[in-house]
Amino acid sequence: MEDESDDPVVDADYPKTVAVVPGAFKPPHKGHLDMVQKYAGIADEVIVLISKPVARARRLPNGREVTAEDSFKIWKLLVKIPNVDVRISDHASPIN
């Protein structure tokens, strides 16, 4: 077991709570937003991590693919909460 007493990141007086919300979010919807708002109320920081799936793209009725960048733009319009950070993952699975 490691001794965390010398770790500058660990602060025993104020442990930081981070909620990580991974997903494709193609596109993000009200249920996703409700979940992030709930976590933002109980965690110090919320990280929404958008994946870049490679196997099965989601498409609009006109055939256009919904990309991670599209999802990012929608999240930025929806989320105006200071402790929520929206990011695009570098990997197909955001939890890699």
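Student: What should I know about the model before I start?
Tutor: The model is predicted: local features need pLDDT of at least 70, side-chain atom pairs count only at pLDDT 80 or more, and totals for chains, interfaces and linings use all residues. Residues are numbered from 1 along each chain as its sequence is written, and side-chain values use heavy atoms, with hydrogens and water left out.

Student: How many residues does the largest nonpolar core have?
Tutor: In soluble globular proteins, nonpolar side chains tend to be buried together. A nonpolar core is a set of buried Ala, Val, Leu, Ile, Met, Phe, Trp, Tyr and Cys residues joined through side-chain atoms within 4.5 Å. Buried means under 20% relative accessible area, exposed over 50%, partly exposed in between (1.4 Å probe, protein chains only). Here the largest core has 15 residues. Val-36, Val-46, Val-48, Trp-75 and Val-84 have the most contacts inside it.

Student: Which residues is Val-84 in contact with, leaving aside its neighbours within four places in sequence?
Tutor: Contact means heavy atoms within 4.5 Å. Val-84 touches Val-36, Ala-40, Val-46, Val-48 and Val-79 in this sense.

Student: How many salt bridges does the structure hold?
Tutor: A salt bridge is a side-chain nitrogen of Lys or Arg within 4 Å of a carboxyl oxygen of Asp or Glu. The structure holds five. One of them joins the side chains of Lys-16 and Glu-45, at 2.9 Å from N to O. Lys-16 is exposed, at 54% relative accessibility.

Student: Where are Arg-87 and Asp-85, buried or partly exposed?
Tutor: Arg-87 is partly exposed at 38%, and Asp-85 is partly exposed at 27%. Their closest N and O atoms are 2.6 Å apart, in a salt bridge.
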